[in-house]
Amino acid sequence: MPNYNVGILGATGAVGQKFIRLLQNHPWFTIKALGASGRSAGKKYQEAANWVEDVAMPESVSGLIVRNCKSEEFHDVDFVFSGLDSSVATEIEADFAGTGIPVISNAKNYRTDPTVPLLVPEVNPDHIALIEKQKFSDDGKGWIVTNPNCVAIPLAMSLKPLHDRFGIDSVVLTSLQAISGAGYPGVPSLDILGNVIPLIGGEEPKIEAEPLKLLGELKDGVIEHADFPVQATATRVPVINGHLLSVTVKFKDAPSDFWEVKKAFQEWKSPIAGLDLPSAPEYPLHVHEDERYPQPRLHADSAKGMQTAIGRVRPANVMDAAYIAMAHNTVRGAAGGAILNAELLVKKEYISS
Ligand code: NAP
């Protein structure tokens, strides 16, 4: 059984707290160091963090002194998870990678870098080979791997079986996104209670671009992006956890029998099944038969928050097929997804202690 000491950058934030919660009792990873801004550094974690998880703060971290996010303060870790605010992630993550500390990040800053894998293990595990192309550190020991936007993850997971079978021609979707996706304190209560906000600044370009890299093919060390248009409308709704997507798809090669579409979801096999990764759900996609499902409050926590739920698979009057996809935004869409990425990187021997 491997065991690795890990650090968490942005440990006081919403995603940082989810990392702490999910890493409690992790069989391979032990939290050794927590980092945040100068406002928090030097304080005990229990004084620096406004703990918003619905379980008690673990005793193993409450007394840890929060560090500055500088690589020289993290020599005792094998790699770091980053839940850093994007306004600071570019320099801090490059500093860590540059001094040989691998970074597994949630921030958007390096997602479009052609040498940085944008990784969902069930969708594009082979893309981790891009690490070999990175030049962050002279000896190649430091690198960055990112996980996608929290809507792009369930979108790509649901599109993957369809793209493999029928080829995707175009996608139109509307996302109904939970308030926990905006971090803490996030959206003002007077804006969101009893309301829907029809714009999330900066969100739609990420949802439209990231699935194309995820569904792209690695050829001669370069990702050839998938080539189809995605039109996204991102909205914020008064739900605590779980982003729900209403998706409509046109295929290049539509099946003559529509129920082939449902079968594509049901018969899809995860490429990481059998690797025994501790955070991998047995069924990454679950197709609900009951037309009332999936619902964020009922299903966001299914399979420990790591599953993408599919429902209402039906023929579309415009384009070919319509369905609902839903996933827990801070687990599958952030910290849990990053932990699964780390597990795959351990299994593939990119991380060593
Ligand atoms: P958040 O609650 O606002 O937390 C931001 C974290 O960054 C805090 O720990 C903060 O530390 C730290 N930070 C801010 N300025 C810093 C500085 N100058 N130096 C070092 N640390 C600094 O945000 P979040 O929702 O957890 O999101 C974190 C990242 O994950 C973002 O890049 C976000 O886009 C991404 N993400 C979030 C979600 C989600 O569902 N929430 C999903 C996917 C990806 P202090 O407490 O000391 O200020």
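**Before starting**
I keep in mind that this is a predicted model.

**Entry 1: the largest pocket**
I began with the largest pocket and looked up its volume, which is about 1,400 Å³. Its lining is made of 47 residues. I wanted to know which of them lie nearest the centre, and I found Gly83, Leu84, Asp85, Ser86 and Gly183.

Next I checked which helices take part in this lining. At least two residues each come from α1 (14-23), α4 (86-98), α7 (203-214) and α10 (331-347). I then sorted the lining by class and got 23 polar, 16 nonpolar and eight charged residues. As for domains, domain 1 (4-149 + 335-347) and domain 2 (152-328) each put at least three residues into the lining of the largest pocket.

**Entry 2: the second largest pocket**
Then I moved on to the second largest pocket, with a volume of about 1,100 Å³. I counted 42 residues in its lining, and those closest to the centre are Lys18, Asn241, Asp301, His328 and Val331. Two or more lining residues come from each of α1, α9 (296-299) and α10. The largest share is that of α1, with four residues.

By class, I noted 22 nonpolar, 13 polar and seven charged residues in the lining of the second largest pocket. Where does this pocket lie relative to domain 1 and domain 2? Both domain 1 (4-149 + 335-347) and domain 2 (152-328) give residues to the lining, so I wrote down that the second largest pocket lies between them.

**Entry 3: Thr248**
I found Thr248 in strand β11, which covers residues 243-251. Which residues does Thr248 touch, if I skip those up to four places away in sequence? My list has Ser170, Val171 and Val172, then Ala316, Val318 and Met319, and finally Ala321 and Ala322.

I looked at one of these partners again. Ser170 is 78 residues away from Thr248 along the chain, yet their C-alpha atoms are separated by 8.5 Å.

**Entry 4: Lys160**
My last stop was Lys160, which I located in helix α5 (residues 152-166). Is Lys160 buried or exposed? Its relative accessibility is 18%, and the cut-off for buried is under 20%, so I put Lys160 down as buried. Leaving out residues up to four places away in sequence, I found that Lys160 touches Val123, Leu215 and Trp268.

How values were computed
Residues are numbered from 1 along each chain as its sequence is written. This is a predicted model: local features need pLDDT of at least 70, side-chain atom pairs count only at pLDDT 80 or more; totals for chains, interfaces and linings use all residues. Side-chain values use heavy atoms; hydrogens and water are left out. On a 1 Å grid over the protein atoms alone, a cavity is a set of points where a 1.4 Å probe fits but cannot get out, and a pocket is an open set with protein on both sides within 12 Å along at least five of seven lines; lining residues have an atom within 4 Å of a point. Grid points are joined across faces, edges and corners, and a volume is the space filled by probe spheres set on the points. Ala, Val, Leu, Ile, Met, Phe, Trp, Tyr, Cys and Pro count as nonpolar, Asp, Glu, Lys and Arg as charged, and the others, Gly among them, as polar. Domain bounds come from an automatic or database domain assignment. Contact means heavy atoms within 4.5 Å. Buried means under 20% relative accessible area, exposed over 50%, partly exposed in between (1.4 Å probe, protein chains only).
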